[in-house]
Amino acid sequence: MNDSELESLLAETYGQDFPLDDVLVQRIASRATTPVLAFTRKSSFKWLALAASLTCVTIGVGSGMYAATTEIQIVETTTQDLEQIFTNQYDREFL
Amino acid sequence: MDTSSDEEDKTYMHRLAAGDDSALTLLIRKHGSSIMRFATNLLDDADTAEDVVQHVFTQAWQNAHRWKPRAQVKTWLYTIAHNYCLNILKSTKRYIQDSSLLDGIDESDLAEESATRSQSRKVIDLAMNSLPKRQKTVLLLRYAEGFSQSEAAEIMGVSEKALESLASRGKSEMAKKLRPIKEALL
């Protein structure tokens with residue numbers, strides 16, 4: 001393949017028209033002229049989605065740990081109460 | 001580049017610098033699609049290419065007052081696009097990964113790829129993605145985007161001699177990779 005054949009092949013393969021529709025043109029223009037909106041590009045949305053997912057996971061794990069801790073406290077309290085009742089009963093019967 | 005087209009671009013830039021936002025829409029309509037094509041071909045990712053187009057025109061709008069009339073607008077926009085694409089490639093290491101995957105590619109792989117998939121575009125993409133990124137960029141700027149040697153050198157920030165060397169090595173490598181399937185491609 002000589003140089004001119006290759007150049008034609010590259011032009012044909014990678015030089016084809018790539019039309020932008022009017023909606024996209026307007027969106028790019030409005031985001032560009034509004035700096036805050038310019039930040040909300042597609043990749044930013046991906047980061048926002050990731051941040052939201054991490055927040056949900058953190059809340060979920062936190063809630064689970066809180067529930068588990070509360071349950072342990074209830075079990076400990078109940079065990080202590082039962083021991084106390086048993087001890088009192090024992091004291092009454094044998095003293 | 002066409003002189004009247006460049007004059008039109010300069011008018012848009014002056015309007016933009018004066019605060020006329022409608023000139024930005026005109027610039028996007030005129031150059032957005034070719035910048036989208038360049039970024040898509042260079043990054044091999046249409047979604048990220050849209051971000052590149054967004055970045056280019058945001059920069060154009062923010063820096064219109066700094067733009068110097070002696071610079072060609074189209075070349076300036078492509079320089080912004082090229083630099084941003086390089087940042088993306090560096091940050092994601094995508095190109096390096098792609099290159100490393102294809103480093104071992106040889107002529108028989110490409111011939112087999114062509115025979116089994118009958119998709120010459122995929123074969124050309126494989127060969128292009130196996131090139132070092134600067135060689136790929138030169139080939140895209142020169143033959144897909146139609147920039148002259150001096151314009152492409154300005155966009156990439158290299159000397160014309162260096163650009164010529166990159167183009168020559170890129171073409172030689174591509175010709176070598178595509179030799180086994182030349183008949184199917186031409």
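# Note on a predicted two-chain helical model

1. Thr137(B) counts as buried, at 2% relative accessibility (buried is under 20% relative accessible area, exposed over 50%, partly exposed in between, with a 1.4 Å probe and protein chains only). Thr137(B) belongs to helix 8 of chain B, where helices (DSSP H or I, at least four residues) and strands (E, at least two) are runs numbered from the N terminus. Setting aside neighbours within four places in sequence, Thr137(B) is in contact (heavy atoms within 4.5 Å) with Phe38(B), Leu42(B), His82(B) and Met156(B).

2. This is a predicted model, in which local features need pLDDT of at least 70 and side-chain atom pairs count only at pLDDT 80 or more, while totals for chains, interfaces and linings use all residues. Residues are numbered from 1 along each chain as its sequence is written, chains are lettered from A and ligands numbered from 1 in the order in which they are written, and side-chain values use heavy atoms, leaving out hydrogens and water.

3. Chain A is built from four helices and zero strands, which gives the order α-α-α-α from the N terminus on. Of its 95 residues, 17% count as buried. The accessible surface of chain A (Shrake-Rupley, 1.4 Å probe; for residues, only the protein chains shown count as cover) comes to about 7100 Å², and carbon and sulfur atoms account for 65% of that surface.

4. For residues 47-68 of chain A, an unreviewed UniProt entry gives the feature "transmembrane region", with the caution that such annotations may be inferred rather than shown by experiment. In the model this span is 100% helix and 0% strand, and its end C-alpha atoms lie 31 Å apart.

5. Chain B has 11 helices and zero strands. Buried residues make up 52% of its 186 residues, and the chain exposes about 8500 Å², of which carbon and sulfur atoms supply 46%. Among the contacts in chain B between residues at least 6 apart in sequence, 65% join residues at least 24 apart.

6. Between the chains, helix 1 (residues 3-14) of chain A packs with helix 8 (residues 133-144) of chain B at an angle of about 85°, their axes being 9 Å apart; axes are lines fitted to C-alpha atoms, for helices over the stretch in contact, and angles run from 0 to 180 degrees between N-to-C directions. The two helices are therefore roughly perpendicular (65 to 115 degrees; under 35 is roughly parallel, over 145 roughly antiparallel, the rest oblique). Glu7(A), Leu10(A), Ala11(A) and Tyr14(A) on the side of chain A meet Leu139(B), Leu140(B), Tyr143(B) and Ala144(B) on the side of chain B.

7. Glu7(A), in helix 1 of chain A, is partly exposed at a relative accessible area of 24%. Beyond its neighbours within four places in sequence, Glu7(A) is in contact with Tyr143(B) and Lys171(B).

8. Within chain B, the axes of helix 1 (residues 3-17) and helix 4 (residues 73-92) come within 8 Å and cross at roughly 70°, which makes helix 1 of chain B roughly perpendicular to helix 4 of chain B. Helix 1 of chain B contributes Asp6(B), Asp9(B), Lys10(B) and Met13(B), whereas helix 4 of chain B contributes Val73(B), Lys74(B) and Trp76(B). The classes in this contact are three nonpolar, no polar and four charged residues.

9. Leu27(B), a residue of helix 2 of chain B, is buried with a relative accessible area of 0%. Not counting residues up to four places away, Leu27(B) touches several residues, among them Asp9(B), Met13(B) and Val73(B). The C-alpha atoms of Leu27(B) and Leu16(B), 11 residues apart along the chain, are separated by 9.6 Å.

10. In helix 9 (residues 149-156) of chain B, the residues Glu151(B), Ala152(B), Ala153(B), Ile155(B) and Met156(B) are buried, and their cover includes helix 4, helix 8 and helix 10 (160-178) of chain B.

11. Most residues other than glycine have a negative phi. Asp44(B) has a positive phi, near 60°, and lies in the loop between helix 2 (22-43) and helix 3 (46-62) of chain B. Asp44(B) is partly exposed, with a relative accessible area of 47%.

Conventions:
Ala, Val, Leu, Ile, Met, Phe, Trp, Tyr, Cys and Pro count as nonpolar, Asp, Glu, Lys and Arg as charged, and the others, Gly among them, as polar.
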